[in-house]
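Please keep the sequence and the structure in view while reading.

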Amino acid sequence: MANEVYHPDPSMKPTPYIKSMKEYEKMYKRSIESPEEFWEDIAKQFYWETPFTNKFCSYNFDVTKGPISIKWMEGATTNICYNLLDKNVRNGMGEKIAFYWEGNDPEDYSRLTYKKLLIQVCKFANVLKSKGVNKGDRVAIYMPMILETVIVMLACTRIGAVHSVVFAGFSSDSLAERLLDAKSKVLVTSDGVWRGEKLLCLKEICDAAMERSKKFGHEVESCIVVKHLPRLNASQSRDGEGKENDEKSPEKRKAFDYQVPWDEDRDAWWDDEMEDASSSCYPVWVGAEDPLFLLYTSGSTGKPKGVLHTTAGYLLYAATTFKYVFDYHPGDVYWCTADVGWITGHTYVVYGPLANGATSVLFEGVPFHPHNGRYWEVIQKFKVNQFYTAPTAIRSLMKFGDVPVKKFDLSSLKVLGSVGEPINSEAWLWYYNVIGSGKCSIVDTFWQTETGGHVTFPFFGVLPVLLDENGKEIQGPGEGYLVFRRPWPGIMRTIFGNHERFETTYFKKFPGFYTSGDGARRDEEGYLWITGRMDDMLNVSGHLLSTAEVEGALAEHGAVVEVAVVARPHPVKGECLHCFITTKDGVKFTPKLSDELRRRVREKIGPFAAPECIQYAPSLPKTRSGKIVRRVLKKIAQNDRNLGDISTLADESIIEILFANLPVQDQKS
């Protein structure tokens with residue numbers, strides 16, 4: 001496939017923003033040679049209470065020359081909520097749909113206009129103020145994909161508070177760790193959520209997390225809870241425009257009988273708080289470099305990093321990448337399937353679309369419920385034009401064949417997007433030919449929590465470089481570390497509360513460059529192909545995990561004396577976890593122990609982190625100095641006997657034992 005070229009169908013893009021490769025190259029050249037002029041022109045699209053007073057951009061990427069710093073539009077003041085909502089309403093888009101909401105149940109749906117969204121945001125901003133939330137305070141959000149989640153995020157920006165969204169699939173321990181690190185004053189959640197046929201009791205998870213956070217020194221002052229479960233099958237919309245269905249299956253009835261744990265001194269219902277809140281809330285004007293949000297991502301040490309994004313630069317970058325990458329035009333309907341618990345949901349569900357006055361689909365469900373054509377049904381229902389999802393989802397849906405797709409009309413689609421991990425050729429071709437009918441453009445995007453938005457192709461203002469292990473630049477075709485020579489507006493500014501870790505993680509390995517942690521290959525035509533993580537991280541279904549974090553969870557089990565976790569390829573997830581476990585003397589490795597260890601990872605991190613394989617290892621391959629040789633373990637996990645040089649191992653005989661201990665299905669791989 002690498003040698004094949006698929007040109008966009010001319011009928012699908014009659015008026016693209018970038019009409020040719022030559023036009024892209026001209027814009028890209030200007031963004032690199034005159035970045036201040038380029039981004040200043042884009043900044044004119046938005047409202048600034050006061051203009052910038054210093055340099056439009058100043059930075060230092062070289063730790064040998066002083067602290068790492070990145071500043072865009074320093075001295076300017078603005079408010080993102082004002083730019084996303086007030087400005088659009090004032091421009092006559094008050095009655096335009098901001099979000100179509102599609103619930104877990106197909107009969108549960110709603111919509112919200114820009115005007116109604118603004119009113120709800122102002123009301124909840126006043127609720128937050130009544131709870132003592134001020135500019136700079138952190139508000140944690142642990143919620144499903146519902147309209148209230150977007151309302152909370154924007155309410156925070158309205159008053160200059162910093163939101164910290166935690167994916168509502170993380171365990172109570174993981175949530176507690178984030179509450180503690182951010183010192184969150186308020187936590188917003190819902191009673192629970194149906195995810196497919198599974199009921200998640202979110203408030204119970206939050207209570208356990210708040211208790212753990214308190215134990216380690218930080219007490220959350222207020223917890224605001226959305227009553228979400230009663231709506232799930234009654235299908236009564238939040239603005240009266242949904243469909244009502246009083247038939248409830250026994251499975252759904254359990255949700256209505258669910259008793260939400262409650263602390264009268266701390267907890268409050270959303271509806272009660274919103275009832276008397278004023279619908280007017282003057283925006284707090286914040287500095288261009290004031291914090292906008294924290295989003296935690298796994299770190300190679302096992303402790304999550306609170307990636308900090310600031311206001312002005314992120315606004316410019318989210319808006320611009322959304323507009324050009326998806327070629328969004330007024331009247332289009334756009335759908336990103338990502339959860340807002342991840343950076344994709346922040347930038348391409350909330351901030352990027354709203355900054356462009358877009359109409360989006362907000363989806364609570366899963367691709368396979370109540371049938372395997374749910375995605376295609378939603379595209380038909382809302383006549384979606386741009387569809388953005390993960391290769392994991394595409395691969396999962398491919399196995400059901402073309403029949404579920406052909407039941408629905410997907411002719412509205414113009415652009416298909418891929419995010420979260422590299423997409424393999426087979427999935428790309430199925431996406432292109434079956435979902436896009438051989439007509440849609442596919443935008444395969446690479447970026448990170450840290451980058452704030454798309455960086456590949458490269459995008460405007462992004463200057464990628466390939467380096468070898470010694471920091472020497474690789475010219476022409478070659479493979480090495482993917483680094484960046486200069487900042488773009490949306491790049492992270494620091495790790496919350498730990499600037500030293502920020503510098504060590506991203507800037508000390510190659511002074512003068514931002515190190516992404518990923519490797520890349522440049523082909524003969526100059527295109528970059530992402531090859532995967534270069535550190536002890538892995539990408540499971542688009543979720544970035546650290547092997548150290550998983551090893552830490554497994555090592556806490558009383559039966560385990562040593563553990564090593566590596567990544568191996570997976571046909572659907574992209575990568576999966578393969579865990580090598582050495583038990584204490586006298587402890588047998590049994591299926592029960594394996595189940596306990598798998599459950600421990602689910603509880604400590606989240607269900608998405610559950611290991612694919614837990615293998616008994618009498619000992620591990622180590623150097624004479626005692627260092628575990630993970631390179632060899634990766635080969636064993638893949639049943640690949642091309643081990644390379646193993647002369648440094650203290651005991652080579654363990655290799656054959658580990659190959660022999662591979663589960664039968666893995667020996668056949």
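**Questions on a predicted model**

Q: Is Pro391 buried or exposed, and what is its relative accessible area?
A: This is a predicted model, and the values given here are computed from it. A residue counts as buried when its relative accessible area is under 20%. Pro391 therefore counts as buried, since its relative accessible area is 0%.

Q: In which helix is Pro391 placed, and with which residues is it in contact, leaving aside neighbours within four places in sequence?
A: Pro391 belongs to helix H14, residues 391-398. Lys588, by comparison, is 197 residues from Pro391 in sequence and 39 Å away in space, C-alpha to C-alpha. With neighbours within four places in sequence set aside, the contacts of Pro391 are Ser418, Val419, Glu421, Pro422 and Ile423.

Q: What span should helix H1 have, and what is the distance between its end C-alpha atoms?
A: Helix H1 covers residues 21-33, which makes 13 residues. At 1.5 Å a residue these should span 18 Å. The expected span agrees with the distance between the end C-alpha atoms, which is 18 Å.

Q: Which residues of H1 are buried, and what arc do they cover around the axis?
A: The buried residues of H1 are Tyr24, Met27, Tyr28, Ser31 and Ile32. They lie on the same side of H1, because the arc that they cover around the axis is only 135°. An α-helix has 3.6 residues a turn, so residues three or four places apart point the same way. The buried residues are thus Tyr24, Met27, Tyr28, Ser31 and Ile32, and their arc is 135°.

Q: Against which elements do the buried residues of H1 pack, and which exposed residues does the face turned away carry?
A: The buried residues of H1 pack against helix H2 (35-43), helix H11 (311-325) and strand E21 (464-467). The face turned away from the buried side carries exposed residues, namely Lys22, Lys26 and Glu33.

Q: Which strands stand at the edges of the open sheet of eight strands?
A: The order of the eight strands is E12-E11-E8-E6-E7-E14-E15-E23, and their pairing is mixed. Two strands have a single partner strand each, so one side of each is left without a neighbour in the sheet. These edge strands are E12 (267-269) and E23 (494-495).

Q: How many bridges join strand E6 to strand E8, and which residue of E8 is the bridge partner of Tyr142?
A: Strand E6 (residues 138-142) and strand E8 (residues 186-190) run parallel, joined by four bridges. Tyr142 has its bridge partner in E8, and that partner is Thr189.

Q: What angle does the direction of helix H6 make with that of strand E14?
A: Helix H6, residues 172-182, packs on the sheet. The strands that H6 touches are E6, E8 and E14 (291-297). The direction of H6 makes an angle with that of E14 of about 145°.

Q: How many residues does the largest nonpolar core have, and which have the most contacts inside it?
A: The residues with the most contacts inside the largest nonpolar core are Trp39, Leu117, Phe124, Leu154 and Tyr351. Tyr351 is in contact with residues beyond four places in sequence, including Ile80, Leu84, Phe293 and His346. The number of residues in the largest nonpolar core is 113.

Q: Where do cis peptide bonds join His369 to Pro370 and Phe457 to Pro458, and what is omega in each?
A: Pro370 is in the loop between strand E17 (359-363) and helix H13 (374-382), while Pro458 is in the loop between strand E20 (441-444) and E21. Omega of the bond between His369 and Pro370 is about 0°. For the bond between Phe457 and Pro458, omega is about 10°.

Note on methods
Residues are numbered from 1 along each chain as its sequence is written. This is a predicted model: local features need pLDDT of at least 70, side-chain atom pairs count only at pLDDT 80 or more; totals for chains, interfaces and linings use all residues. Side-chain values use heavy atoms; hydrogens and water are left out. The expected span of a helix is 1.5 Å times one less than its number of residues. Buried means under 20% relative accessible area, exposed over 50%, partly exposed in between (1.4 Å probe, protein chains only). The arc is that of the directions from the helix axis to the C-beta atoms. Contact means heavy atoms within 4.5 Å. Two strands pair if DSSP finds at least two bridges between them. Axes are lines fitted to C-alpha atoms, for helices over the stretch in contact, and angles run from 0 to 180 degrees between N-to-C directions. A nonpolar core is a set of buried Ala, Val, Leu, Ile, Met, Phe, Trp, Tyr and Cys residues joined through side-chain atoms within 4.5 Å.
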